[in-house]
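Trainee: Could you walk me through this model? I would like to take it piece by piece.

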Amino acid sequence: MLTIKNLTKKFQNKTIIDNLSLEIPTGQLICLVGPSGGGKTTLLRCVSGLETFQAGEILLDDHPIEMQLNKIGVVFQDYHLFPHMTVLENLLLAPKLKSSQSETELGQQAKQLLSLFDLSEQVNQYPYELSGGQKQRVAIARALMLTPEVICYDEPTSALDPQLRDSVGKMLLDLKAKGITQIVVTHDHEFAKTIADKIYEVNV
Ligand SMILES: Nc1ncnc2c1ncn2[C@@H]1O[C@H](COP(=O)(O)OP(=O)(O)OP(=O)(O)O)[C@@H](O)[C@H]1O
């Protein structure tokens with residue numbers, strides 16, 4: 001269970017998140033929708049440890065998230081792929097630093113994931129050579145390399161056409177079936193309706 005308790009986040013003196021409480025059972029997929037500037041990205045950044053906050057707590061299975069950031073994966077809106085690295089190198093960078101697995105094992109795991117995401121032909125390509133949908137899938141595969149229990153996505157479909165949007169939706173539902181907890185920020189209500197266990201409207 002991911003528990004957000006009385007969370008308050010301010011930038012300077014402006015309150016962006018005001019005493020928010022939310023419980024997300026393990027394996028649920030929730031969507032955050034709402035107006036621009038409502039604080040959706042800020043909430044994702046708090047959950048993934050990229051922002052500190054003024055009050056409240058975020059717990060994963062009753063323990064502070066700060067101690068378990070290795071269990072949280074993030075897929076950023078503009079993918080944040082490393083431009084000077086191939087697809088395979090993008091997948092391997094973080095696990096090489098963090099994982100106890102050998103480089104050969106990690107390489108095999110990465111290639112398996114890329115094949116699952118229909119990216120076998122892109123293994124040695126650079127991000128600039130990929131389409132938006134391919135970059136999105138690489139970003140998700142990269143997050144999965146660290147076997148996260150929770151994945152946060154910021155606008156995962158904003159750069160995608162309807163067909164690719166559906167395929168990302170299917171991918172997220174497959175991960176849900178594997179028991180991964182997912183938080184998806186989206187402007188797309190229709191997309192949210194097709195994938196979410198619950199939709200939360202974030203107000204300004
Ligand atoms: N680092 C920062 N310093 C100061 N203010 C910030 C910072 N990051 C975000 N904000 C402000 O916090 C508010 C919420 O921003 P946030 O990006 O979380 O909203 P959002 O709901 O994700 O918006 P969008 O849907 O447009 O992405 C905005 O008013 C934004 O200007």
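Mentor: Strands, like helices, are DSSP runs numbered from the N terminus, with at least two residues (E) for a strand and at least four (H or I) for a helix, and two strands pair if DSSP finds at least two bridges between them. This is a predicted model, in which local features need pLDDT of at least 70 and side-chain atom pairs count only at pLDDT 80 or more, while totals for chains, interfaces and linings use all residues. Residues are numbered from 1 along each chain as its sequence is written.

Trainee: What is the mean pLDDT of the chain?

Mentor: The mean pLDDT, where pLDDT is the predictor's confidence in each residue from 0 to 100, is 92 for the chain, and 100% of its residues reach 70 or more. The model also scores ipTM 0.93 and pTM 0.90.

Trainee: Back to E3, then: how many of its residues are buried?

Mentor: In E3 (residues 29-33), 5 of the 5 residues are buried, so this strand is largely enclosed by the rest of the structure. A residue counts as buried if 20 or more other C-beta atoms lie within 10 Å of its own, as exposed if 12 or fewer do, and as partly exposed in between, with the C-beta atoms placed from the backbone. Leu 29, Cys 31 and Val 33 point one way from E3, whereas Ile 30 and Leu 32 point the other way, and all of them are buried.

Trainee: And which residue is the bridge partner of Ile 30 in E8?

Mentor: That partner is Ile 183 in E8, and E3 pairs with E8 in the parallel sense over 4 bridges.

Trainee: What does E8 pair with over 5 bridges?

Mentor: Strand E8 (residues 181-185) pairs with E7 over 5 bridges, again in the parallel sense, and within that pairing Tyr 153 stands opposite Val 184. Between these two strands the chain crosses from E7 through helix H5 (residues 162-177) to E8, and this β-α-β crossover is right-handed, which means that, with the strands pointing away from the viewer, the path from the first strand over the helix to the second runs clockwise.

Trainee: Is E7 mostly covered or exposed?

Mentor: Strand E7 (residues 150-154) is mostly covered, as 5 of its 5 residues are buried. Strand E6 (residues 72-75) is joined to E7 by 4 bridges and runs parallel to it, with Gly 73 opposite Ile 151.

Trainee: Changing topic, what is the strand order in the open sheet with antiparallel pairing?

Mentor: That open sheet has 4 strands in the order E2-E1-E4-E5. Strands E2 (14-24) and E5 (63-64) stand at the edges with a single partner strand each, so one side of each is left without a neighbour in the sheet. Strand E1 (residues 2-11) pairs with E2 over 7 bridges in the antiparallel sense, and there the bridge partner of Thr 3 is Glu 23.

Trainee: Which residues surround the ligand?

Mentor: The ligand is surrounded by Phe 11, Ile 16, Ser 36, Gly 37, Gly 38, Gly 39, Lys 40, Thr 41 and Thr 42, where a residue is near a molecule if its C-beta atom, placed from the backbone, lies within 6 Å of it. Helix H1 (residues 40-47) gives the most to this shell, with 3 residues. By class, the shell has 2 nonpolar, 6 polar and 1 charged residues, counting Ala, Val, Leu, Ile, Met, Phe, Trp, Tyr, Cys and Pro as nonpolar, Asp, Glu, Lys and Arg as charged, and the others, Gly among them, as polar.

Trainee: What about Asp 61, and where does it lie?

Mentor: Asp 61 lies in the loop between E4 and E5, and it has a positive phi of about 50° although it is not a glycine. Most residues other than glycine have a negative phi. Asp 61 is exposed, with 12 other C-beta atoms within 10 Å.

Trainee: Last one: how many helices and strands does the chain have?

Mentor: The chain has 6 helices and 9 strands, and 37% of its 204 residues count as buried.
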